[in-house]
Amino acid sequence: MPPYRLPLYHRQSPAVRLINFLCAVLLTLVLIAGIILFVLWLSLRPHRPRFYLADFSIPSANRQSGLANLPVRFAVGEHNPNQKIGIYYDEIVASVYYGDQLVAKGPVMQPFYQAPKGDTPLLGQLTAMGPTPTDPAWGRFSGELAAGNVAMRLLLTSTVQFQVKMWDTKHHRMKVECDFRMNGDGTLQQQDKNSQCALYF
């Protein structure tokens, strides 16, 4: 039986070693670039603004003739939580609802820019259109008003654009929805003051 011979070690050619080295360098660069892009994405990813219902009132809401022509006043706080991203707002339009009935509607804020980590109070005053005693919803509304517990809803709509460094994102249609309850005198119930509103894009 012939003696067992160990296989000879074949050294790689310089060309093969160069290709392996270049592949290793390329993979390392791709990995580093991926980590950098991921960190940049985390730091520059826009966070949605936050809205809080600070106050709401309809003076003389308990009068027998209904809400028509009464002033509807509210204050909503807006906060931009981003550290490096500003927000451009187009005109903001407010709508107030009792159930499905529109109480008041109109523009309340002209276009503005919100700086990073900034806060802006949105102060609105509209004129109520109803409900009145001739509306189908009046019976239920007047009953809840007499009980001092009226469910209401405030909607804010606008178009926003995030400013990231030197470039701007696309426009987003925004809707803010604040659900709250009103006392019999037309003021905001205490537990709903500074409550956070829902935000939809």
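**View 1. The largest nonpolar core of this predicted model has 43 residues.** Members that touch the most others are Phe 51, Phe 56, Ile 58, Phe 74, Met 152, Leu 154 and Leu 156. Strand S8 (residues 150–164) supplies the largest share of this core, with seven residues. Here a nonpolar core is a set of buried Ala, Val, Leu, Ile, Met, Phe, Trp, Tyr and Cys residues joined through side-chain atoms within 4.5 Å. Buried means under 20% relative accessible area, exposed means over 50%, and partly exposed lies in between (1.4 Å probe, protein chains only). Strands (E, at least two residues) and helices (H or I, at least four) are DSSP runs numbered from the N terminus.

**View 2. Here are the contacts of Leu 156.** Leaving aside neighbours within four places in sequence, Leu 156 is in contact (heavy atoms within 4.5 Å) with Phe 74, Val 76, Ile 92, Val 93, Ala 94, Leu 122, Met 174, Lys 175 and Val 176.

**View 3. Lys 175 lies over the face of Tyr 200.** The distance to the ring centre is 5.5 Å. A charge counts as over a ring if NZ of Lys or CZ of Arg is within 6 Å of the ring centre and within 35 degrees of the ring normal.

**View 4. Helix H2 (residues 138–147) holds both Glu 144 and Arg 140.** These two residues form a salt bridge, with their closest N and O atoms 3.9 Å apart, and the structure holds one such bridge. The term asks for a side-chain nitrogen of Lys or Arg within 4 Å of a carboxyl oxygen of Asp or Glu. Glu 144 is partly exposed at 21% relative accessible area, and Arg 140 is partly exposed at 49%.

**View 5. The structure holds seven aromatic pairs.** In one of them, the rings of Tyr 88 and Tyr 113 have centres 4.8 Å apart and planes at 45°, so the pair is tilted. This pair links distant parts of the chain, 25 residues apart: Tyr 88 is in strand S3 (residues 85–89) and Tyr 113 in strand S6 (residues 112–114). Trp 138 and Phe 141 also form a tilted pair, 5.8 Å centre to centre with 40° between the planes. Rings of Phe, Tyr and Trp (its six-membered ring) pair if their centres lie within 6.5 Å; planes under 30 degrees apart are stacked, over 60 edge-to-face, and the rest tilted.

**Notes.** Residues are numbered from 1 along each chain as its sequence is written, and side-chain values use heavy atoms, leaving out hydrogens and water. In this predicted model, local features need pLDDT of at least 70 and side-chain atom pairs count only at pLDDT 80 or more, while totals for chains, interfaces and linings use all residues.
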